[in-house]
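The following note sets out some points on the structure for a reader who is new to the subject. The points may be read alongside the model.

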There are 2 protein chains.
Amino acid sequence: MRRASLFLSPGDVADGILQGHLLVAIDVLRASTTICQALVAGARDILPVAEIEEAKRLAESLGRENTLLCGEREGRIIPGFDLGNSPLEYTPEKVKDKTLVMCTTNGTALLSRLREAEVYVAGFVNVGAVIRRLGSLKGDVAFLCAGLLGQFSLEDAVCGGMLVAGLGGRRKVRLSDGAVAGKLLYKRFAKNLLGMLQASHHGAYLTGLGFGQDLEFASRTDACPVLPVFREGRITIKESC
Amino acid sequence: MRRASLFLSPGDVADGILQGHLLVAIDVLRASTTICQALVAGARDILPVAEIEEAKRLAESLGRENTLLCGEREGRIIPGFDLGNSPLEYTPEKVKDKTLVMCTTNGTALLSRLREAEVYVAGFVNVGAVIRRLGSLKGDVAFLCAGLLGQFSLEDAVCGGMLVAGLGGRRKVRLSDGAVAGKLLYKRFAKNLLGMLQASHHGAYLTGLGFGQDLEFASRTDACPVLPVFREGRITIKESC
């Protein structure tokens, strides 16, 4: 029987534990949501990096003409960068055909630690695409929550639970304790994802910074029906889905 | 307003994050449960250590006459030790007036990392005593789940949620995302704690080893109404509760 594991915090991922799993990274607020929106808006690809200086060097080496520097620290755009981490900034006018070098506190930091693997990127805005893809493949699945500063975040757990629920019931999938918990949390909040985002620690923080609309955007199930795949340092659209 | 944080995995606890908090350590299966039972059975004190060799050295230095070596690896008694980690072993005949040097994979490993602080030890068997104590004190509270091999475990999250619920409602306590999640999980499983333990990853593993009765014991709310407090390397009964 297929197994599904939901790692509720990045610290839960021990060395070697992901081997042989299909991998899905979740950072609802906001990297996953922003990545999906950027690809929908026509960005060519996205290069996630962990550190600001690394992002600057990479953007310089690629040439700044077709490259945008994107990312945040403490929720705010990094000084000197072209775009922050609000999905609303990622319009076709700004990102079409561009390469985005992206540096965020939780989401791209998580991805940049997974350089060897192929990783799907998931938020509420593209759950359907991710579930369809996983349904077409065999094998165990590990869902990785980016969390907030290394800690549990409610919104990533709920999104992870939505994905777990999408894999099917008990007869089809064996769930880890984290997957059981995430699925229950999703069921509790399924009818009010926006309210859950607003009540979450990270959501309240972003609202206080003036990013309340980002929460509304992030709560829209399947608003950005793409499947971002991270492979060899680049995120692109998985075309076959 | 008082704050309550529930750290669902040991890896969620970043450096310095616990400062100024009342601390409660939770390892339902089985260190918390066993520690409560041992104290009810008259053990003088319990010295939690992380490593087997350290436990042996400490027991030797204390003199073996009034000292028992206790603990497990992979759920089984450590070879050469006097007792394993099943609460059912900790009878008055065996432990009365003894000092227990205890080495378990998750629970005492967590405690031994918290040497500076005063930490209460909680399981389902003593939730009432812990809640009464916290209710008599002021200040923010951090509940620390021992988890399983560094990962999330359902039973510790549910017990943490039960403790969070016991602190009072929204008007009295501000909850972290982890505390919100734990409280919801507790509400889901409140009527069937034993079923939750049996379905949990760790519970199923222990049942497979023949420790099914330990789950039944661990699920008994307030069966061991003591308040173990860990301070300066020793766990004793907090007498004032």
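1. Copies of the chain are superposed by least squares on the C-alpha atoms of residues with pLDDT of at least 70 in both. The model discussed here is predicted. In general, two copies of a chain are related by a rotation about an axis and a shift along it.

2. For this model, chain B is superposed on chain A by a rotation of 180° with 0.0 Å of shift along its axis, and the RMSD is 0.0 Å. The two copies are thus related as by a two-fold rotation axis. Among the residues of chain B, B:Gly11 comes closest to the rotation axis, its C-alpha lying at 2.4 Å.

3. The contact between the chains takes 21 residues from chain A and 21 residues from chain B. On the side of chain B that touches chain A, helix 6 (154-166) and helix 7 (177-189) each supply at least two residues. Helix 7 of chain B gives the most to this side, with seven residues. By class, the side comprises nine polar, nine nonpolar and three charged residues.

4. Of the interface residues of chain B, 100% are also interface residues in chain A, so the copies meet through the same surface.

5. Chain A itself contains ten helices and eleven strands. Its radius of gyration is 16 Å, close to the 18 Å that the globule rule gives for 241 residues, so chain A is as compact as a globular protein of that length. Along the principal axes, the C-alpha atoms of chain A fill a box of roughly 50 × 35 × 30 Å.

6. Of the 241 residues of chain A, 54% count as buried. Among contacts in chain A between residues at least 6 apart in sequence, 79% join residues at least 24 apart.

Technical notes: Residues numbered from 1 in each chain as written. Chains lettered and ligands numbered in written order. Predicted model: local features only at pLDDT ≥ 70, side-chain atom pairs only at ≥ 80, totals over all residues. Contact = placed C-beta atoms within 7 Å. Helix = DSSP H or I, 4+ residues; strand = E, 2+ residues; numbered from the N terminus. Nonpolar A, V, L, I, M, F, W, Y, C, P; charged D, E, K, R; others polar. Rg over C-alpha atoms; globule rule 2.2 N^0.38 Å. Buried ≥ 20, exposed ≤ 12 C-beta atoms within 10 Å, placed from the backbone.
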